[in-house]
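Me: I've got a model open and I'd like a close look at one part of it. Could you walk me through the charged pairs and what surrounds them?

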Amino acid sequence: MTGDDDLKVEGEEAGSGRLRLDKWLWYARFFKTRSLAAKICAAGAIRMAGAPVTKAHHSVKPGDVLTFAQGRHIRVIKIVALGTRRGPAPEAQALYEDLSPPAPETAMPRAAERPAGSGRPTKADRRATEKLREDF
């Protein structure tokens with residue numbers, strides 16, 4: 001295989017408007033390594049248009065919708081572009097549109113707002129306990 005053949009193979013992949021799923025997930029920075037993306041694909045943890053994908057070499061194109069778990073969150077992603085490399089984060093974010101519903105905001109309650117007896121005592125609780133002990 002000569003250097004011209006290598007260019008032809010890459011040109012066919014880019015010219016057809018399709019890319020391997022594991023490669024796209026890696027380009028879009030959803031997974032740290034391409035082999036990890038391939039493992040997730042092989043496990044059947046990714047769905048394309050509702051159907052599970054079990055092959056890392058499954059082809060994707062712009063307009064496809066992917067659903068997969070990432071940490072505790074379910075990601076719903078629409079592919080906008082295929083990309084040509086694993087670039088910086090802004091370049092990777094331009095490859096997809098996030099259709100996931102926004103995560104509910106869970107603000108941490110202040111110490112005074114938390115229910116009594118839940119969790120570790122506050123400094124005020126400790127002082128009140130010490131004052132009670134001194135009285136006895």
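Is E130 buried, partly exposed or exposed, going by its relative accessibility?

Reply: Bear in mind that this is a predicted model. E130 comes out as partly exposed, because its relative accessibility is 37%. Its salt-bridge partner is R126, with 3.0 Å between the closest N and O atoms. R126 is partly exposed too, at a relative accessible area of 39%. Both residues sit in helix α5, and because they are 4 residues apart there, about one helical turn separates them.

Now the helix itself. α5 covers residues 123-135, and at 1.5 Å a residue its 13 residues should span 18 Å; the end C-alpha atoms are 19 Å apart, which agrees. There's hardly any cover over this helix: the count of buried residues among its 13 is 0.

As background, side chains of opposite charge can pair when their charged atoms come close. The count for this model comes to 6 salt bridges, so let's go through some others.

Take D98 and R75, whose closest N and O atoms are 3.2 Å apart in their salt bridge. D98 belongs to strand β7 (residues 96-98) and R75 to strand β6 (residues 73-79), so this pair ties together parts that are 23 residues apart in sequence. R75 is buried, with a relative accessible area of 17%, whereas D98 is partly exposed at 39% relative accessibility.

Those two strands belong to an open sheet of 5 strands, ordered β3-β2-β5-β6-β7 with antiparallel pairing. β3 (51-53) and β7 are the edge strands, each with a single partner, so one side of each has no neighbour in the sheet. From one strand to the next, the twist averages 35°. Further along the order, β2 (residues 46-48) and β5 (residues 65-70) run antiparallel and are joined by 3 bridges. I46 has F68 in β5 as its bridge partner.

Back to the charges: D64 and K61 form a salt bridge as well, with the closest N and O atoms 3.1 Å apart. D64 counts as buried because its relative accessibility is 10%, under the 20% cut-off. K61, at 33%, counts as partly exposed.

Finally, R20, D22 and R34 are linked in a network of salt bridges.

Notes
Residues are numbered from 1 along each chain as its sequence is written. This is a predicted model: local features need pLDDT of at least 70, side-chain atom pairs count only at pLDDT 80 or more; totals for chains, interfaces and linings use all residues. Side-chain values use heavy atoms; hydrogens and water are left out. The expected span of a helix is 1.5 Å times one less than its number of residues. Buried means under 20% relative accessible area, exposed over 50%, partly exposed in between (1.4 Å probe, protein chains only). A salt bridge is a side-chain nitrogen of Lys or Arg within 4 Å of a carboxyl oxygen of Asp or Glu. Two strands pair if DSSP finds at least two bridges between them. Axes are lines fitted to C-alpha atoms, for helices over the stretch in contact, and angles run from 0 to 180 degrees between N-to-C directions.
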